[in-house]
Amino acid sequence: MSDSSNPRENLDSVFGQIASAARAVSRAATDVTLIAVSKTHGADSITPFIAAGHRDFGENRVQEAQAKWPALKSGTVDLRLHLIGPLQSNKAADAVALFDVIHTVDREKIAQALAAEMVRQNRRLPCFVQVNTGREPQKAGIDPGDAEVFLAACRDQWNLPVVGLMCIPPVEEQAAIHFAFLKDLARRTGLTQLSMGMSADFETAVRFGATHVRVGSALFGPRDI
Ligand SMILES: *Cc1c(COP(=O)(O)O)cnc(C)c1O
């Protein structure tokens, strides 16, 4: 378990694991972006990561991010904030204004709302389409069978800048199967980026081609909630 009081050590250790996993499959570690998932953690916990030079952070709630990140971002201009949680269409304007990458485009209404806001705010944010690879009823994401039609609509109808696919595998299944499926779907649809892998399975995700891993507890320590 990571020690929450050692941001630099935790970063070094996670980057070391990413490097080994990448090396094992002849990938460059620099092709993997480590997103430090700071949800539930306050500015005091985040600042040491910024001071250590880390720039990519992930939050899963727009409102929580709005309370923390404008101040943190104003102190460091090159921060990239990734939205990794489900988005409501009435929060699309706030999300486009605050975030730099959206990982959770999961239905038509959201795709359209984001596309409209990007035009209105003149901000084009790279987007990932979330795929519900485990077909779990309670989980967000496009059904794998609908993914190709949805991706075509994102590009051709809504002009949404989709760069890749994202998934959260079912907890009780082998993550590798889901990572391999997502990679194959990306290849078939001409997408190059894959947002997959969390604290428990990011090394596996890197071996299966992840370009973005979303790591919270291995960096910040356990969450209270
Ligand atoms: C919380 C969260 C993570 C990070 O989870 P850890 O297990 O703490 O690494 C990654 N992705 C999403 C979508 C999350 O909500």
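**Walking through the model**

Modeller: Let me begin with K68, which is buried because its relative accessible area is 11%, where buried means under 20%, exposed over 50% and partly exposed in between (1.4 Å probe, protein chains only). Please keep in mind that this is a predicted model, where local features need pLDDT of at least 70, side-chain atom pairs count only at pLDDT 80 or more, and totals for chains, interfaces and linings use all residues. Residues are numbered from 1 along each chain as its sequence is written, and side-chain values use heavy atoms, with hydrogens and water left out.

Colleague: Thanks! Which helix is K68 found in?
Modeller: K68 belongs to helix α3, residues 62–75. Helices (H or I, at least four residues) and strands (E, at least two) are DSSP runs, numbered from the N terminus.

Colleague: Let's switch to the ligand. Which residues are around the ligand?
Modeller: They are V37, K39, I84, I168, M198, S199, R214, V215, G216, S217 and R223. A residue counts as near a molecule or strand if one of its heavy atoms lies within 4 Å of it.

Colleague: How does that shell split by class?
Modeller: The shell has five nonpolar, three polar and three charged residues. In this scheme Ala, Val, Leu, Ile, Met, Phe, Trp, Tyr, Cys and Pro count as nonpolar, Asp, Glu, Lys and Arg as charged, and the others, Gly among them, as polar.

Colleague: How much of the ligand's accessible area does the protein cover?
Modeller: The protein covers 89% of the 390 Å² that the ligand has on its own. Accessible areas come from the Shrake-Rupley method with a 1.4 Å probe, and for residues only the protein chains shown count as cover.

Colleague: New topic: what is phi for S26?
Modeller: Phi of S26 is near 55 degrees, a positive value in a residue other than glycine. S26 sits in the loop between α1 (7–24) and β1 (33–37), and S26 counts as exposed because its relative accessibility is 73%.

Colleague: And what about the phi of T40?
Modeller: T40 also isn't a glycine, and its phi is positive at about 70 degrees. T40 is in the loop between β1 and α2 (43–51), and T40 is partly exposed, at 35% relative accessible area.

Colleague: Is G190 buried or exposed?
Modeller: G190 is exposed, since its relative accessible area is 58%. Its place is the loop between α7 (175–188) and β7 (193–195).

Colleague: Last one: where does A115 lie?
Modeller: A115 lies in helix α5, residues 108–121, and A115 is buried at 11% relative accessible area. The C-alpha atoms of A115 and L160 are separated by 5.4 Å, although the two are 45 residues apart along the chain.
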